[in-house]
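Dear colleague,

Please find below the structure that I am handing over to you. My findings follow directly after it.

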Amino acid sequence: MKKKHPLRRVLMATVSTVSGVILLLALKPTSAPATTAAGLPAASASAKGTTSRSSTSTGPKQTTAAAPAQTRTVTGTTVQTQYGPVQVQITVSGKRLTGTTLVQYPNNSGRSIQLAASTLPVLTKEAVAAQSAKIDAVSGASYTSAGYKKSLQSALDMAGI
């Protein structure tokens with residue numbers, strides 16, 4: 001038995017594949033990610049809370065007569081990246097970095113907002129652990145990570161750390 005139109009199957013398969021790819025590329029998020037009152041991605045608020053809990057000491061407590069360390073915030077310089085500005089604000093207790101917050105971040109697209117929300121907790125955790133700006137970049141957000149590190153370093157310099 002001879003097939004009458006084998007080219008028709010090839011054509012239908014190609015058209016179906018192209019249509020599916022176009023539909024997938026046209027998908028957009030149904031809603032913007034949740035943000036905090038400061039306009040930051042919601043993940044940054046939880047990252048801030050996480051870092052202050054993770055910086056507590058698990059060893060024996062030492063009692064000293066010295067005054068408690070003063071907590072203050074310092075804002076780093078704005079760094080222009082390929083996808084937009086990045087600016088970091090740090091929280092310092094004494095001479096110790098206790099947390100970071102993004103003041104400005106690339107937010108011109110849904111993808112940029114998602115990247116900021118997912119990279120901030122990682123970068124904050126690494127910065128607090130390292131107590132410096134010598135941290136690894138987050139894969140997939142290398143420009144934002146580089147801007148974060150430069151702004152973080154400027155804030156650390158201003159804070160005298």
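A residue is called buried when its relative accessible area is under 20%, exposed when it is over 50%, and partly exposed in between, with a 1.4 Å probe and protein chains only. The model is a predicted one, in which local features need pLDDT of at least 70 and side-chain atom pairs count only at pLDDT 80 or more, while totals for chains, interfaces and linings use all residues. Numbering starts from 1 along each chain as its sequence is written, and side-chain values use heavy atoms, with hydrogens and water left out.

Confidence comes first. The average pLDDT (the predictor's confidence in each residue, from 0 to 100) is 74, and 72% of the residues score at least 70. Residues 31–39 stay under 50, and the model gives them 12 contacts (heavy atoms within 4.5 Å) beyond four places in sequence. Residues 42–67 are also below 50, with 15 contacts beyond near neighbours in sequence. Where pLDDT is low, the predicted coordinates should not be read in detail.

As to the fold, the protein has 4 helices and 4 strands, taken as DSSP runs (helices H or I, at least four residues; strands E, at least two) and numbered from the N terminus. Their order from the N terminus is α-α-β-β-β-β-α-α. Of the 161 residues, 32% count as buried. Helix H1 (residues 6–26) is hardly covered, with 0 buried residues among its 21.

Gln 87 belongs to strand E3 and is buried, at a relative accessible area of 12%. Its side chain makes a polar contact of 3.4 Å with that of Thr 78; such a contact is a pair of N or O atoms within 3.5 Å, where within protein one must be able to donate a hydrogen and the other to accept it, and residues adjacent in sequence count only if both atoms are side-chain atoms. Beyond four places in sequence, the contacts of Gln 87 include Thr 101, Val 103 and Ser 151.

The whole structure holds 1 aromatic pair, meaning rings of Phe, Tyr and Trp (its six-membered ring) with centres within 6.5 Å; planes under 30 degrees apart count as stacked, over 60 as edge-to-face and the rest as tilted. Tyr 83 and Tyr 143 form this edge-to-face pair, at 5.6 Å centre to centre and 65° between the planes. Tyr 83 lies in the loop between strands E2 and E3 and Tyr 143 in helix H4, so the pair ties together parts 60 residues apart in sequence.

With kind regards
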